[in-house]
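Here are some notes for you on the fold, jotted down as I went through it. Have the viewer open while you read.

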Amino acid sequence: MSVKGKVILVTGAGQGIGRGIALRLAQDGADLALVDIKADTIAAVCEEVESLGRKATTFVADVSQRAQVHAAVDHAEDALGGFDVIVNNAGIAQVKPIADVLPEDLERIFRVNVDSVVWGTQAAAAKFKARGHKGKVINASSIAGHDGFALLGVYSATKFAVRALTQAAAKEYASAGITVNAYCPGIVGTSMWVEIDERFAELTGAPKGETYRKYVDGIALGRAQTPEDVAALVVFLASSDADYITGQAILTDGGIVYR
């Protein structure tokens, strides 16, 4: 299994799972285009990638904006001399009872979690075709894309949508040799879960940390997930070993949701 020499773009690469994915891809020999809305965070990750002996470039973008995503893909090709894989990783969470959801809540989370996947898939597929070679699109779904979770209803809806887009795009682009898959993490010990836990505490009165511990206690393998756990699956999907896999949304959660 190798991604050596591939040019791979990762959105939301400045922290958490995105950073973990970028560093693992670099360790395995890929060159990275790092995309995030925060310039300082991707600059730091860029230095880490380069310290591993790989090329890296950064591009500041709001992934909910189609033009900015397409520009990021163009930048990756121009800066790194190729384009082989996109990892549509960027996303946000939202903890809110369905009864309290407002139009602006729906618009914000769907634009970041769903629209960005459409734009990334479009831009990457067009680039693969223009370059005359096969490529890979890898999207971030979630265990919440397989089961809807209370107080995470809208977030769950966005991740179900990513699964649907992954399946549809896999069918549409298969004739061009482009594969489209998704990875579905569980309870990952990142800043996103700190925010989720804090919101649960506000809404339910649970002490801070209790919701996180409750979910971790339900993991069959007995520990929280790390970004490196997620990155291992992404590297596989980006490699030639996954050439015959498409349209799948693969759970990587330590044993929470079973399909």
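1. Start with helix α2 (residues 39-51), which lies across β2 (31-36) and β3 and runs at about 170° to β3. On terms: helices (H or I, at least four residues) and strands (E, at least two) are DSSP runs numbered from the N terminus. Axes are lines fitted to C-alpha atoms, for helices over the stretch in contact, with angles from 0 to 180 degrees between N-to-C directions; contact means heavy atoms within 4.5 Å.

2. Before going further, keep in mind that this is a predicted model: local features need pLDDT of at least 70, side-chain atom pairs count only at pLDDT 80 or more, and totals for chains, interfaces and linings use all residues. Residues are numbered from 1 along each chain as its sequence is written, and side-chain values use heavy atoms, with hydrogens and water left out.

3. Now the sheet. Seven strands make an open, parallel sheet in the order β3-β2-β1-β4-β5-β6-β7, where pairing takes at least two DSSP bridges between two strands. β3 (56-60) and β7 (249-252) are the edge strands with a single partner each, so one side of each has no neighbour in the sheet. On average, neighbouring strands are turned by 20° against each other, direction ignored.

4. What happens around β4 (residues 85-88)? Three bridges pair it in the parallel sense with β1 (residues 7-11), and Ile8 stands opposite Val85. Four bridges join β4 to β5, again parallel, with Ile86 opposite Val137.

5. β4, α4 and β5 make a right-handed β-α-β unit, as do β5, helix α5 (residues 153-173) and β6. Right-handed here means that, with the strands pointing away from the viewer, the path from the first strand over the helix to the second runs clockwise. α4 lies across β4 and β5, at about 180° to β4.

6. Finally, the axes of α3 (residues 66-80) and α4 (residues 103-131) come within 9 Å and cross at roughly 35°. Residues in contact include Val73 and Glu77 from α3 and Trp119 and Lys127 from α4.
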